[in-house]
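Take a walk through this model, one site at a time. Keep the sequence and the coordinates side by side as you read.

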Amino acid sequence: MRNNKAAASAVRTVTVLGATGSIGDSTMDLLRGARERYQVEALTANTNVEALAKLAREFGARFAAIADPDRLGELKQALAGTRIECGAGESAIIEAAARPADWVMAAVSGAAGLKPALAAVDRGAAVALANKECLVCAGDFFMQRAAKAGACILPADSEHNALFQALGSGNREELVRVIITASGGPFRTWAAADIEQATLAQALKHPNWSMGQKITIDSASMMNKGLEVIEASYLFALTPDEIDVLVHPQSIIHGMVEFSDRSVVAQLGAPDMRIPIAHCLGWPDRIVGPSARLDLAKIGQLTFEAPDFERFPALRLAYESLRTGRGATTVYNAANEVAVAAFIAGQIRFGAIARLVEATMNDWIRSGNLAPLSSADDAISIDHNARNKAASLLPQIALKAS
Ligand code: NAD
Ligand code: MG
């Protein structure tokens, strides 16, 4: 074990991108518990000025940014009488990330988080990455940029955080595979025909985790696990064959690594995002976390099932996109963002989410426009085109589902 005596006593500057969301809330909760150790540099939100200003005041942030460019006046008013600087629009979110904080939580939802996360990466910050879509969208390029800038990417997603912790038990040559667990979501035991017809309210009832709306729907379709397979591949430079998914309804084991001697090293914890976030916040040391201690005797049983690629085609498509490479994962993510928004808006059935993703991916593969991503603009351009394609395919997918 490491000698922890030298645990950071100096004040650390921190920035939280997406401070008003579910991950943002857990992060602010951890910061609240150790106010003397952290100075908040910048906080950002999409549209909720009131919640952003409240947090900025509470934590004495130096800068607050709202993504909606029309809300600058409102934000200025909400911060009147303080010395907190503020800005609005995408450029202000990027500015927040570029300001000199030692540690940045990247918790914007969706590919919108890519540019801000890159701004933090480019100045070599420690970046706790919750926003898996930005990594899926930018692929290897994101990790290459981080390596070039000397940025440390700390996986905040619970499964990847588990792998990050377990991977330390061996070296790359000794690794056989990683296993990421999945709760199976609210439709784990449902028949395909019922999943097809599932309502928004049913999709939003996650059995174990309390999360933002988009990721909760992604969990119900298992698109979230698909995104996580891709995320694991890019984060840890793993081939698709080295990543397995295991359904584990209790969400206690988050990730495991199998080594050549057949040892399997797992990380366990209650399904509470403050645990992986606390690991990122303390890294390379460990802080005292506020989460409940794990009581396995009380839980009694941990059970496991193989994932069902037929009822949950999103998972199959994730592996296909990874094997195709060269921008296919960008398309997978973009089409899903369009599909989820259409499902929330009542335009398509739940079962059509994966169909829209598949149709968009197939169209893109047929176009033959497959080239390695060499810049953020490449990723953003593929993302943009895939969104347009998905939107144009929406009416026929909606029709097929009715
Ligand atoms: P959320 O919807 O609760 O919060 C998203 C945050 O991003 C909010 O602060 C919102 O204001 C901001 N935001 C949204 N769109 C934006 C835009 N276009 N520009 C700037 N800011 C914008 O989402 P969440 O559940 O906290 O998830 C955030 C990210 O973390 C997602 O990528 C998700 O996949 C990932 N993640 C979440 C969990 C979880 O438990 N919630 C677990 C693992 C990973
Ligand atoms: Mg996860």
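Ala237 lies in the loop between helix 12 and strand 9 (243-247). Helices here are DSSP runs of H or I with at least four residues, strands are runs of E with at least two, and both are numbered from the N terminus. Phi of Ala237 is near 50°, a positive value in a residue other than glycine. Most residues other than glycine have a negative phi. Ala237 counts as exposed because its relative accessibility is 56%. The classes are set by relative accessible area: buried means under 20%, exposed over 50%, and partly exposed in between, with a 1.4 Å probe and protein chains only.

This is a predicted model, in which local features need pLDDT of at least 70 and side-chain atom pairs count only at pLDDT 80 or more, while totals for chains, interfaces and linings use all residues. Residues are numbered from 1 along each chain as its sequence is written, chains are lettered from A and ligands numbered from 1 in the order in which they are written, and side-chain values use heavy atoms, with hydrogens and water left out.

Arg326 also has a positive phi, about 45°, although it is not a glycine. Look for Arg326 in the loop between helix 15 (313-324) and helix 16 (328-344). With a relative accessible area of 42%, Arg326 is partly exposed.

The backbone has another feature to check. The peptide bond from Trp283 to Pro284 is cis, with omega near 10°. Most peptide bonds are trans. Pro284 sits in the loop between helix 13 (274-282) and helix 14.

Helix 14 covers residues 296-299 and includes Leu296. Leu296 has a relative accessible area of 39%, so it is partly exposed.

Now turn to the ligand. Which residues are closest to ligand 1? They are Thr20, Ser22, Ile23, Asn46 and Glu133, out of 22 residues that surround ligand 1. A residue is near a molecule if one of its heavy atoms lies within 4 Å of it. The shell divides into eleven nonpolar, eight polar and three charged residues. In this scheme Ala, Val, Leu, Ile, Met, Phe, Trp, Tyr, Cys and Pro are nonpolar, Asp, Glu, Lys and Arg are charged, and the others, Gly among them, are polar.

Polar contacts are pairs of N or O atoms within 3.5 Å; within protein, one must be able to donate a hydrogen and the other to accept it, and residues adjacent in sequence count only if both atoms are side-chain atoms. A side-chain N or O atom of Glu133 is 2.5 Å from an oxygen atom of ligand 1. Ser22 brings a backbone N or O atom to 2.9 Å from a ligand 1 oxygen. For Ser109, a backbone N or O atom lies 3.5 Å from an oxygen of ligand 1. Taken alone, ligand 1 exposes 820 Å², and the protein buries 85% of that. These areas come from the Shrake-Rupley method with a 1.4 Å probe; for residues, only the protein chains shown count as cover. Helix 1 (22-32) and helix 6 (132-138) are the elements that give two or more residues to the shell.

Ser26 lies in helix 1. Its relative accessibility is 15%, so Ser26 counts as buried.

Salt bridges come last. Each one puts a side-chain nitrogen of Lys or Arg within 4 Å of a carboxyl oxygen of Asp or Glu. The count comes to 29. Glu159 pairs with Lys225, the closest N and O atoms being 2.8 Å apart. This pair links distant parts of the chain: Glu159 is in helix 8 (residues 158-167) and Lys225 in helix 12 (residues 223-236), 66 residues apart. Both Glu159 and Lys225 are buried.

Glu258 and Arg262 meet in a salt bridge at 3.4 Å, N to O. Glu258 is buried at 10% relative accessibility, whereas Arg262 is exposed at 58%. Elsewhere, salt bridges that share partners join Asp29, Arg32, Glu58, Asp272 and Arg274 into one network.
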